[in-house]
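Please look through the structure shown below before reading the notes that follow. They are grouped by topic, so that each part can be compared with the picture in turn.

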Amino acid sequence: DSMKWDDMIQNEIKDYVSSFNKEIKELNSQVKDIYNSSQKDSLSIFYEDSKIRKINQKIDMYYHFIDVSKSLDLNDELRIVESKVLIIEGEAGSGKTHLLTNEMNQLISNKHKSLMLLGGDYLSDENIKCQIMKGLSLDYSFDDLLEILNNNGKVENRIIPVIIDAINETAYRNLWDSFLPEIYNKLSELSHVKLIVSTRSDYINELSDGFICKNYVHKLTHNGIFDGSFDSVKTFLNYHGIPFTPVEMFNDQIYNPLFLTLYCKTYEKENSEITDLYDRLLDVINKNLYKHKESFMRSLGYDKNINVVTPFVLELANLISKNNKRVVLLDSVLKMTYWDKYEIKKLPIITFLQGEGIIHKYAFKDKEFIRFAYDQMNDYFCAKAFLAQFDDKDTTLSHIENIDFHTSNINYFLYIC
């Protein structure tokens with residue numbers, strides 16, 4: 001019905017849009033004639049400017065009408081409806097997970113069937129389909145599950161969505177290269193099941209162009225509702241019951257929605273300094289590790305009283321500091337002494353910390369790099385790692401004097417002081 005409605009609307013307004021464009025062309029011609037006029041005395045210029053302003057106001061009005069007509073165009077919506085796979089991309093903290101969980105809540109409240117999976121749950125290098133079915137504790141294949149969902153969709157006469165959130169958080173991301181084309185081919189045989197996946201924008205380039213460019217795969221960028229303004233920060237803090245002070249606005253990271261969320265989650269009234277956020281954040285992340293990966297951590301012989309996050313962060317910071325850059329090769333991280341000391345599987349922990357928003361992994365020129373998620377976080381932990389090397393004040397001061405001080409490491413130097 002929406003397709004028929006769109007055709008009807010577009011047919012009704014197309015003549016109006018055409019007439020608007022003709023009017024704009026005529027008005028632009030009038031402006032050009034005025035500029036080409038030979039009269040250049042002050043009075044003539046005054047009247048000419050007045051005419052041009054009035055003509056430009058009319059042009060702006062017609063452009064506004066055309067924009068309104070474009071807003072009635074449902075082409076993007078129709079492409080989404082017709083697609084078999086919808087890829088939602090967006091920057092970290094833009095609200096992709098929030099968007100999908102809201103959609104799931106609506107489906108559940110309306111008693112509609114759906115399936116939501118979390119990319120960060122898949123920590124092994126086993127086939128994604130097998131990992132999904134093990135996670136669901138089902139003893140048949142993933143393709144069989146899709147067939148069952150499709151049959152349910154036929155009975156209820158509705159589409160059943162399979163949602164996989166944050167595929168960039170999977171430990172072995174290359175597994176999606178085979179999974180996505182396979183599930184696309186399977187969905188092509190099914191009429192009542194569709195796939196929705198979300199990912200950070202910086203991972204989208206790792207997906208096969210051949211897959212993304214398929215006819216029934218649609219990519220959508222989600223920017224969220226956070227506009228990074230003074231008022232939006234104030235509203236966000238008010239929502240979490242945190243007193244708003246203008247001092248916070250001098251921290252450029254406060255405009256990042258993910259950082260702001262972390263700040264609100266770890267806020268303490270008695271200790272509200274933004275720099276103290278990071279120490280509290282490591283404690284919170286360590287608790288989250290045991291909360292969400294309890295069986296995984298137990299299998300490694302750890303309990304919630306052992307902090308395995310802070311040692312990793314400090315050794316990473318020390319590695320980055322020695323590299324004199326804000327990034328370090330993933331290969332170097334995988335060789336840290338931390339792994340031998342704690343005997344923890346490497347990629348699952350790195351992926352978990354990436355999902356928690358503390359580190360960021362990216363590829364450049366066929367190499368993978370690790371960095372802290374925020375520059376301020378980098379400066380703080382590198383300073384902390386620097387100070388941890390020395391036992392007394394005199395030794396510390398002597399090494400501070402040897403720091404190659406420049407504009408790019410001012411915050412690092414201040415944190416040390």
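In this predicted model, the largest nonpolar core holds 47 residues, and those that touch the most other members are Val308, Phe312, Leu316 and Phe381.

**Nonpolar cores**

- In soluble globular proteins, nonpolar side chains tend to be buried together.

**Aromatic pairs**

- A pair of aromatic rings is described by the distance of the centres and the angle of the planes.
- How many aromatic pairs does a search of the whole structure find? The search finds nine, and one of these joins phenylalanine 312 and tyrosine 338, which is an edge-to-face pair because the ring planes stand at 75 degrees, with the centres 5.5 Å apart.
- Phenylalanine 312 belongs to helix H13 (residues 309–323), whereas tyrosine 338 belongs to helix H15 (residues 338–342), so this pair ties together parts that are 26 residues apart in sequence.
- Both phenylalanine 312 and tyrosine 338 are buried.
- The pair of phenylalanine 386 and phenylalanine 390 is also edge-to-face, because the planes of the two rings are at 75 degrees, and here the centres are 5.2 Å apart.
- Phenylalanine 386 is buried, with a relative accessible area of 10%, and phenylalanine 390 is likewise buried, with a relative accessible area of 15%.
- Ring pairs also link Phe312, Tyr338, Trp339 and Tyr342 into a cluster.

**The parallel sheet**

- In what order do the five strands of the open sheet lie? The order is S2-S3-S4-S1-S5, and the pairing is parallel.
- The edges of this sheet are formed by S2 and by strand S5 (217–221), each of which pairs on one side only.
- On average, and with direction ignored, neighbouring strands of the sheet are turned by 15 degrees against each other.
- Strand S1 (residues 85–90) pairs with S5 in the parallel sense over five bridges, and valine 85 has valine 217 in S5 as its bridge partner.
- Helix H7 lies across S1, strand S3 (160–165), S4 and S5, and runs at about 155 degrees to S4.

- Not counting residues up to four places away in sequence, lysine 194 touches Ile80, Val81, Glu82, Ser83, Lys84, Ile159, Ile160, Pro161, Val162 and Leu187.

**Helix H5**

- At the start of H5, asparagine 127 has a side-chain oxygen that comes within 2.7 Å of the backbone nitrogen of lysine 129.
- Serine 137 follows H5, and its phi is positive, near 55 degrees.

How values were computed. Residues numbered from 1 in each chain as written. Predicted model: local features only at pLDDT ≥ 70, side-chain atom pairs only at ≥ 80, totals over all residues. Heavy atoms only, no water. Polar contact = N/O pair within 3.5 Å; in protein donor to acceptor, adjacent residues only side chain to side chain. Helix = DSSP H or I, 4+ residues; strand = E, 2+ residues; numbered from the N terminus. Phe/Tyr/Trp six-rings, centres within 6.5 Å; stacked < 30°, edge-to-face > 60°. Buried < 20%, exposed > 50% of the residue type's maximum accessible area, 1.4 Å probe, protein only. Core = buried A, V, L, I, M, F, W, Y, C linked by side-chain atoms within 4.5 Å. Contact = heavy atoms within 4.5 Å. Pairing = 2+ DSSP bridges. Axes fitted to C-alpha atoms, helices over the stretch in contact; angles between N-to-C directions.
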